[in-house]
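Colleague: I would like to learn how to read a helical model. Please take me through the features one at a time.

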Amino acid sequence: MRLKVWRYASPPAFYRLAGKLVPWFLALAAMLAAAGLYIGLFVAPTDFQQGESYRIIFIHVPAAWMSMFIYVVMAFWCAMGLVFNTRLSFMMALALAPTGAMFTFIALWSGALWGKPTWGTWWVWDARLTSELILLFLYIGFLSLHAAIDDARRADRAAALLALVGVINVPIIYFSVQWWSTLHQGASVSLARAPTMAATMLVGMLIMSLAAWMYAIGASLMRVRTIILERESNADWVREQEAAL
Amino acid sequence: MSWGSPQAFFAMGGYALYVWGSYAVAAACILVELWLLRRRRRTLARALSRRNEDRGLDHAPRQT
């Protein structure tokens, strides 16, 4: 079993495995999104305080969760790459960053559109919003730093260090609503107590989060396959693979 | 939740701009990302096949 897992640390083996997995993850994402949107838009009741504006939650919360989660996974692969010097780990990190940045942008955008009708403002410089904006800059910084260094191996290591330093921002985002007084509401969902929302709202939100999760995996695997080919374009196995591109 | 009419659904209780603005931009982001992923892969495929032609390799990958 151990041997089998490590086999996929080799780019050719992982390339083929990822190719088989991508359609499954994207299909799962589409089905979950269809179910989640149906529950979110047609089954979940109107909120007694916010009216229909709360339906932004089905976009906002999954995107915000994914923006933090993808960053942690990205930092994990960076750490693996630095410790074990495995080039595939760095490629995984590089493949995750654009999708993470996209979810961060969606979280900020939908947050602004939710803030306007509920708080009366698109944006405030409070802890939660500012730290989430820093997360977007961290993703962009990671990608820019990587792109600015010509030698791929050096770029991997430099960007990985940046990603690892930046991971401190993730708990700051998560706990910001407890640590500082902020316009942003506290967590509606926590492992420690019962959720403070209607069951159908919660189910819709969780299904949309699963959809976002599956999409993130599918999109990152698509990207990592291209990155593998770009990086290993001189290897024999890539030439054999080209017929199937 | 049962919406009385399609109009009521699209009006979102007066929050149409905010709700649909969020959903539309999220959908657009995902579509653009998928398009960029496809484009990056195609560009690479073309570059690799050109290189192989230069080297006189016989197979030219199909353009998908």
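Modeller: Start with length. In this predicted model, helix 4 of chain A has 33 residues, 87-119, and at 1.5 Å a residue it should span 48 Å; its end C-alpha atoms are 46 Å apart, which agrees. The expected span is 1.5 Å times one less than the number of residues. Helices (H or I, at least four residues) and strands (E, at least two) are DSSP runs, numbered from the N terminus.

Colleague: What ground rules apply to numbering and confidence?

Modeller: Residues are numbered from 1 along each chain as its sequence is written, and chains are lettered from A and ligands numbered from 1 in the order written. Local features need pLDDT of at least 70, side-chain atom pairs count only at pLDDT 80 or more, and totals for chains, interfaces and linings use all residues.

Colleague: Where does helix 4 of chain A kink?

Modeller: A bend is the angle between axes fitted to the seven residues ending at a residue and the seven starting there. Here the kink is about 25 degrees, at A:Ala97, shortly before the proline A:Pro98. Just after the helix, A:Gly120 has a positive phi of about 85 degrees.

Colleague: How many residues of helix 4 of chain A are buried?

Modeller: Buried means 20 or more other C-beta atoms within 10 Å of a residue's own; exposed means 12 or fewer, partly exposed in between, with C-beta atoms placed from the backbone. In helix 4 of chain A, 24 of the 33 residues are buried, so the helix is largely enclosed by the rest of the structure. Across the 245 residues of chain A, 40% count as buried. For chain B, buried residues make up 12% of 64.

Colleague: What confidence does the predictor give?

Modeller: pLDDT is the predictor's confidence in each residue, from 0 to 100. Where pLDDT is low, the predicted coordinates should not be read in detail. Chain B has a mean pLDDT of 84, with 84% of its residues at 70 or more. The complex gets an ipTM of 0.87 and a pTM of 0.90.
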